[in-house]
Amino acid sequence: MPLVAGIDSSTQSCKVVIRDTATGALVRQGRASHPEGTEVHPDHWWTALQEAIAQAGGLDDVDAVSVGGQQHGMVCLDESGDVVRPALLWNDTRSAPDAEELTREAGAGDPEAGGVHWAALTGTVPVASLTATKLRWLGRNEPGNARRTAAVCLPHDWLSWRLAGHGPGSGPASLELLRTDRSDASGTGYFSAEKGEYLPEVLNSTLGHVPVLPAVVGPLEAAGKTPAGALIGPGAGDNAAAGLGVSASVGDVVVSIGTSGTVFAVSDVPARDASGLVAGFADATGHYLPLACTLNATRIFDATASLLGVNLKEFGELALSAPEGADGLTLVPYFEGERTPNLPDATGSLHGLTVSNYTPANLARAAVEGVLCSLADGLAALQAQGVSARRIILVGGGAQSPAVQQVAAAVFGLPVFVPEPGEYVADGAARQAAGVLTGTLPEWPLEGTSIEARQQGRAPEFLSRYRRHAAKAALG
């Protein structure tokens, strides 16, 4: 019974699952927390990984391992392999002015022209999360550290490198053994997913020189071996690994409902969205992974439930007791600004209030419909980039709500599949490890609930109404 291990090194924690290669059955697992903050020394990730591995019973009997990790984080190494400074994570926004500057420079002062340039070059318009913008920040604010930086890698690259027995003091030759994959490289801002190559001109304009970068290996190509002889998979960015974990293929759209919302698809065409709404990432199988993000998802459910004085289960029951469309009540859920559309200073709004429809049930229903409608706009942004959508895979903490499932079936107009709750990123990494070991990705069974599409191909009235009110919010 060969075993494989999948690792999810996220912002909050490290999770390890060990699964049977043939069946995908979970054998054992472990977890350890990461420190909070937007700037973290990578040594903390390594310590957490060792703790999670120990909780999972070790890797001595594992034949292959792979790492899925938080995207974009800037890990700088000097020529000896030592970490130059704590890593800036995806959620560190200090490089926002640098992102704007990169866009303006590319457009000779015109941000719109700059967006067109970056969309064609990398598939993604610069934002503060991207590694390239953090390198620009480093070059401007810490020039000494920028000059010391001999290699730049991402969190999952660094952990894979450490698993292969490299680390501080390994020397310059070990830097040449850094490895990554297309999915994570595509989130740097200095890699073209479409051409499959790094962009040295971007590194020169950000860091000031071209450092050693991880070699990009194929979807089922080994990135090395552990000292004990286990194969190390290429790894993946967290969204791409989650796509593997739920067995998403071309035509599948994954909608994740957590604190924020994410909509991404496995696509056979690259995205080039000059507006910046859609990030043109790659997936972990050789396809593309265009992605749109919304800022307001389950936090809207939490806030509305608190206002109504109910728990989340009761909130969902209230929403289901109201009619579709909430008797004309519409909530535009831009409570914390919004990313899709890009309205950072927007606020939420409630429309269509009457004496008769202003009830707890209708308000709960309007909150659920508002969040799902905003995610439908994320899907529309993907479809405008050529994404073909045949099925929705609904994941995240909010996906288990019957009210959310019912509204999703109506608002997307597509069949909806809700997998059983799981560690999708770690499971995807384990599935990749099994593929590296056997030469093909296994078809592990995935339990879940299937929901037929409501009004397939036709938008419900409440979505049209939502979009009218959201358009007014965009106009200020």
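**Entry 1**

I was working on a predicted model, in which local features need pLDDT of at least 70 and side-chain atom pairs count only at pLDDT 80 or more, while totals for chains, interfaces and linings use all residues. Residues are numbered from 1 along each chain as its sequence is written, and side-chain values use heavy atoms, with hydrogens and water left out.

I then followed the pairing around β5, taking two strands as paired if DSSP finds at least two bridges between them. Strand β1 (residues 3–9) runs parallel to β5 and is joined to it by 7 bridges. Strand β14 (residues 231–232) is also parallel to β5, with 2 bridges between them, and here I noted Ala 64 opposite Leu 231. For strand β15 (residues 236–237) I again found a parallel arrangement with 2 bridges to β5, and Gly 68 stands opposite Ala 236.

Is β5 enclosed or open? I found that 7 of the 8 residues of β5 (residues 62–69) are buried, so the strand is largely enclosed by the rest of the structure; buried means under 20% relative accessible area, exposed over 50%, and partly exposed in between, with a 1.4 Å probe and protein chains only.

**Entry 2: nonpolar cores**

I next looked up the nonpolar cores, each a set of buried Ala, Val, Leu, Ile, Met, Phe, Trp, Tyr and Cys residues joined through side-chain atoms within 4.5 Å. The largest has 55 residues, and those touching the most other members are Val 255, Ile 257, Leu 372, Leu 394 and Phe 412. Its largest share, 13 residues, comes from α13.

I took Val 255 as an example and listed its contacts (heavy atoms within 4.5 Å). Leaving aside residues up to four places away in sequence, Val 255 touches, among others, Thr 262, Leu 375, Ile 392 and Phe 412. I also noted a second, separate core of 33 residues, which includes Ile 7, Ile 18, Leu 159 and Leu 163.

**Entry 3: salt bridges**

I counted a salt bridge wherever a side-chain nitrogen of Lys or Arg lies within 4 Å of a carboxyl oxygen of Asp or Glu, and by this rule the count comes to 19.

I looked up Asp 78 and Arg 148, whose side chains meet in a salt bridge at 3.2 Å, N to O. Asp 78 lies in the loop between β6 (75–77) and β7 (87–88) and Arg 148 in helix α5 (residues 143–148), so the pair ties together parts that are 70 residues apart in sequence. Asp 78 is buried at 12% relative accessibility, whereas Arg 148 is partly exposed at 40%.

Next I looked up Arg 467 and Asp 377, which form a salt bridge with their closest N and O atoms 2.7 Å apart. Arg 467 sits in helix α16 (residues 461–474) and Asp 377 in helix α13 (residues 360–383), so this pair ties together parts that are 90 residues apart in sequence. I found Arg 467 partly exposed, at 33%, and Asp 377 buried, at 17%.

Last, I looked up Asp 92 and Arg 94, whose side chains meet at 2.8 Å, N to O, in a salt bridge. Asp 92 is buried at 3% relative accessibility, while Arg 94 is partly exposed at 31%.

Methods. Helices (H or I, at least four residues) and strands (E, at least two) are DSSP runs, numbered from the N terminus.
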